[in-house]
Amino acid sequence: MIEAETVAAVGLRPPDLVMRLERLGAFHQTRLSFLRAMLRQAKREGWAFARPTWRIDARGVGVAVYTVKTPEHLYSLVCFGHDLPDELRSDRVIAEAWDATFALYDGIPDEAEIARLGANVPKQEAGRYQPSDLVLSRANRSVRLFQHVVESLAAGRQPHRGKVEEVGYLMRTTAVYGNGKFGIADRDELQQRPEFRNSFRAEMLTVWLIRSFTLDLVEHLARMRAPAAAIVLEPDLRRRFGVGNATGLGMAPFLVRHPLLIDRWVAAREEALAIVRAIPEARPETRARFRQVLGRARRSLAEWRTVDTIQARRVAALLADLARLEAELERTDLLAQHRPWDAVYRWGEANLSLEGQEYTVTLLLEPHGAEVDFLADRMWTDEAAEFRIDGGITCGALKAVIARDYAWALGIDFDRAEATARFWYVSEEKLEPRLGERAQEPGAGLEHPLAIGRDVAALHRDLGTATPGEALAIFLLRHAQHRHVVRRVQMSARHPYAEVRDNLIGAAVRPIDLLRCKLSFFGATRFDPRSDRWVRISLFPGAPFPETLAADSEDDWIYAALNEPAA
Amino acid sequence: MTPALNEIESMVWKAARGAGLAWGLAEEMAQAARFLADHGFDWAAPVVDCLAEVERLQGALPPPVERDGTWVSAGTGPLSPALCGPLLSDLAGTITIDNPLRFGRMAEPLLLLPFAARAAEQLHHRFRLAWPGAGFVCHGCDLWCTAEIGLPKAAEGIVFSLDGAAIPAMGKVERSPGRQPIADHLRLRLEHWVHRTYVPASLESRLAGAGAGLTDND
C-alpha cells in the first residue's frame, strides 16, 4: 500500500509524545474534524434540505422542522421554541428549561409524531424517546447578542460587527445527546448507515441545522416586531454566526472510557501528518495554498476572544508562533527542501509552543485534502469487537507489555499524596461525572475507574508476585480488581494511541485538556475556558448554510475572519 | 420502560458495581446483558438474580477452582456466571477439541451464552455451549440454538467446547428487531444498585462544582 509506505518513510509520532494531556489539550481542528468531514460529505452527495414547517410566534414559541435528504435516508430536525424567563437561563447541564429544544428524527414526522415529540423534547432528560429519535439537544439564547441582533434587524440595520465577533453565536447548546440516551436510537443502529458511520456525524448534522434555526429565528422575530422596517442579515455577516456550546466535566471521562475510539481519532490525524511529512516535493500551488491558509488563520485566530488568562496567553503565543512561521517561510527555503512539509514540522517542533506545534499540524494537513481526507472515514470503530481479554497469555508476558507501554505510569510515585489528590465520581445530585479532592471530600470509596496510571501500576506490582508462567485467566480469578486495566493494557498493545499517557488523578490535572482534545476532533474553534473544568466553544462559525452548501467553493470556511468576508 | 441497548449496558455496569463486583467484572456483566437483550433473550431476571447473590456475599463470590477437569465452586453454593462467564471468555483461546471447559453446578447459566458468542466472534472459532436441556452453537457472529431453551435457575454439567459438527440447519438466533420492556420490579432492583455508585453532595463538592462561581447566563 502506498499509504503504508509513505507513513513508514517518516514514521508516526510516538504515543509517548502525542498522548500527553498537555499536548492533547493543545489540539486544534483539522480538515479531518467531524463537522468539516460531515459538510464535505453532504456537499459531495448532494444532500437536499428544506424547511417544510415554521409555526413560530412573535415570542419565538412554536415548532419548526428542517429536513435533510441523503442518498438513502430522510431526516428531520424538529425544533421547539420556548419562552424562557431570563433568570432560568443557565449553561449548566442540570437546568430544567431552555430557550429551544431539538430532536433529530428518522424520517419526516407527521402531526402525531410532532405532538409526541412536543410532549417530550421540551423536557429533555425527563422525557422518554424511541429509536426513531436519533439525537436530542437544547440551547439557550446569548443574552449579550440575541436581543441586540433582533432589535437591530427590526430597526432596519445590521447588528454591530464587533458584538458579533465578541460572542460569535446566537444560542449555546448545553447538551447534545446521542447513543441510546433516554431511549433514543442506539449508536449500533446509526453505525449501519453510511452518512452516520463515522463518529458524531448525526450530532454534527443536528448542530449545523440548529445554527440555521437560530438565524431564521432572529430574522423572524425582527420581522414580527417591525414587518415594514425589518431587514435580514447581510449574507457575509450571517455566515459569521456559529452555534455556541458549553461543555463541562461530563464529557471528560469519554476519552478514557473509549480507548479504541480515541485511538482511531488520533491515529487518523497522525497518519495524515505522516503522509504529508513524507511528500518528497511541494508543488508551487500547494505552497501558495499553505501560505494563504496560514495568513487567513492568523487573521481568524486574532478574533479569538477568551476571558481565561491562561488561554489568552496561549492564544497570544500561538499568534506569535504563526507570525514566526510566516517569517521563517519568507526568510528561508524550507519549502524548497526535500520533504518540505517534514522540514516545516520539524522547525515547528524545535521553535514553537505546543499550541503552535499542533496548529502547524492543522496547517500542514490543510492543502493536502486529496492525500488525507480519506482518513476522515476511518474515525470510528466497533468497540465490542476487542472487548475480550486474552487470558491464555502468561503473567510474565503481560508484565512485559506493561513495562513497554506504561513506563509513564510506572514512573509515577503513587504513594505521594499529590499523585492521587483527585478522584473521579458520579454525583448523586447532578448525575454527572465530577472530580473530587480525595483528602477533603467524602466519596473516594465510590471512585470511578479513570485512575488508569495508578491502577496499571498496582496491576504491575501484583503481577510481580505471581509465577511468570501462570495464565492470566488464573491470576484474574484471584485479582478481579485488576480486570478493567488488564483489558486496557491488551487493547493498548494493539492500538498505540488508545491511552492518555498522564496521571488523571494528580493534583495538577486539568480536565479541560480532555475536553479541548475531544472538541478539537469535533471541529470546535474559539475555545473559551471558564475554569479548568468547563469551556465554551463555537461550532460552524463561517460555515455555509444548507441553502448555500452546494455553491460553496472550498472546504476552507473555517479560516474565514470577520474582517475578511467569506468568498 | 423500554430501554435502549446502551441504557441497558450503562445501567447494568453501574448496578453490578453497586452490588459489589469489581469494575472489570461489571463491564463484562454489562456487555452480557446487552448481548442478551440484543438477541431477544430475557436478560433482566438472570442479571438481577446473579447480582442479588453478589450483594448477599458482599462481592466476595467464591472463586471457581478446577477439580478433575471440572470448574467447581470453592464455596458451598453454585458457581456464579459473574465469574465463570469472564473465565470462559478468558480461556476460550486455549481450549482444544479434546479439552473443553466443564463447569459444575452454576446459577443462571444463560449468562454464559454472551461470553461464548463473543469468543466465537473474536476468535473466529465455532463453539458449542450446552447443559442438560439447552444447547447453543456460536460461529463467528452467528448463533444457533440447538435445543429447546430450558432456562433453569441453575444447571449442572455445563460444557463449553470447540464444535466440529456441521452448522445446524435450524434454530438460528437473529438479533432482535425491536426493544423489549423491562419489568418495573427488576428495573427498580437494578436502579437501587446503580444508586449506590453515586456520591451524595457535600459542602466541599458544591463549592468545587464544575461551574462554581462564574456567571453562565450571558
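Start by selecting β8 (422-427) of chain A together with strand β10 (residues 198-199) of chain B: the two pair in the parallel sense over two bridges. Strands count as paired if DSSP finds at least two bridges between them; helices (H or I, at least four residues) and strands (E, at least two) are DSSP runs, numbered from the N terminus. Zoom to Ser427(A), whose bridge partner in β10(B) is Val199(B).

This is a predicted model, in which local features need pLDDT of at least 70 and side-chain atom pairs count only at pLDDT 80 or more, while totals for chains, interfaces and linings use all residues. Residues are numbered from 1 along each chain as its sequence is written, with chains lettered from A and ligands numbered from 1 in the order in which they are written.

Next, show the whole contact between the chains, which takes 52 residues from chain A and 38 residues from chain B. Residues are in contact if their C-beta atoms, placed from the backbone, lie within 7 Å. Elements of chain A giving two or more residues to this side include β9 (433-437), α21 (472-478) and α22 (483-494).

Now select the open sheet of nine strands in chain A, ordered β1-β2-β3-β4-β5-β6-β7-β11-β10 with mixed pairing. Its edge strands, β1 (48-56) and β10 (525-529) of chain A, each pair on one side only.

Note on methods:
Contact = placed C-beta atoms within 7 Å.
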